[in-house]
Amino acid sequence: MPGQPVTLRVGLGGAAASGSLFDRVGGAPTFDRLVRRFYEGVQQDEVIWPMYPADDLEGAIWRLSQFLQQYWGGPSTYSEQRGHPRLRMRHNPFRITPEAREHWLQHMQDAVESLGLAPLDEAELWGYLDRAAHAMTNSFD
């Protein structure tokens with residue numbers, strides 16, 4: 001006898017987990033808040049702040065926000081203006097150690113948690129960010 005259909009929901013009694021994460025979390029404004037909160041922490045971090053372009057902070061904010069929006073189902077503005085993301089290539093000039101990765105993750109986790117997303121959406125977003133941070137690690141000395 002077949003079981004009843006199951007609807008995966010983004011939170012207790014929440015909406016069905018369908019559509020893009022971009023749409024479910026509120027679109028561009030949510031990603032802009034995420035990235036701005038992230039950079040507030042990064043600017044205070046003596047380990048990773050030197051890797052960022054202090055003279056082009058708004059550009060860095062735009063690039064990360066647009067990349068994340070596109071990745072999660074939003075507009076393709078990032079690729080239209082910058083080409084393929086090529087994350088490993090773009091991060092290769094920087095010495096990204098496990099310590100730097102953990103600092104990056106700490107600030108990103110604070111930013112993700114500040115959004116108050118539904119648990120399933122937060123877990124999906126965080127899972128990607130954690131994997132991406134580990135993939136960018138390129139120096140172990």
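Axes here are lines fitted to C-alpha atoms, for helices over the stretch in contact, and angles run from 0 to 180 degrees between N-to-C directions. Keep in mind on this tour that the model is predicted.

**First stop: two helices.** Select residues 28-42, helix α2, together with residues 57-71, helix α3. Their axes lie 9 Å apart, and the helices pack at an angle of about 135°. Angles of 65 to 115 degrees would be roughly perpendicular and those over 145 roughly antiparallel; α2 and α3 are therefore oblique to each other. Turn the view to look through the pair, and you have a right-handed crossing.

**Second stop: where they touch.** On the α2 side, show A28, F31, D32, L34, V35, R36, F38 and Y39. Facing them from α3 are L57, E58, A60, I61, L64, S65, L68 and Q69. By class, this contact has 11 nonpolar, two polar and three charged residues.

The whole structure holds 10 aromatic pairs. For one of them, pick Y39 and Y52: their ring centres are 5.3 Å apart and the planes stand at 90°, so this pair is edge-to-face. Y39 belongs to helix α2 while Y52 sits in the loop between α2 and α3, so the pair ties together parts that are 13 residues apart in sequence. Is Y52 buried or exposed? Its relative accessibility is 18%, so Y52 counts as buried; Y39 is buried too.

**Last stop: the cluster.** Finish by selecting F38, Y39, W49, Y52 and W104, which form one aromatic cluster.

Conventions. Residues are numbered from 1 along each chain as its sequence is written. This is a predicted model: local features need pLDDT of at least 70, side-chain atom pairs count only at pLDDT 80 or more; totals for chains, interfaces and linings use all residues. Side-chain values use heavy atoms; hydrogens and water are left out. Helices (H or I, at least four residues) and strands (E, at least two) are DSSP runs, numbered from the N terminus. Angles under 35 degrees count as roughly parallel, over 145 as roughly antiparallel, 65 to 115 as roughly perpendicular and the rest as oblique. A crossing is left-handed if the near helix is turned anticlockwise from the far one by less than a right angle, and right-handed if clockwise. Contact means heavy atoms within 4.5 Å. Ala, Val, Leu, Ile, Met, Phe, Trp, Tyr, Cys and Pro count as nonpolar, Asp, Glu, Lys and Arg as charged, and the others, Gly among them, as polar. Rings of Phe, Tyr and Trp (its six-membered ring) pair if their centres lie within 6.5 Å; planes under 30 degrees apart count as stacked, over 60 as edge-to-face and the rest as tilted. Buried means under 20% relative accessible area, exposed over 50%, partly exposed in between (1.4 Å probe, protein chains only).
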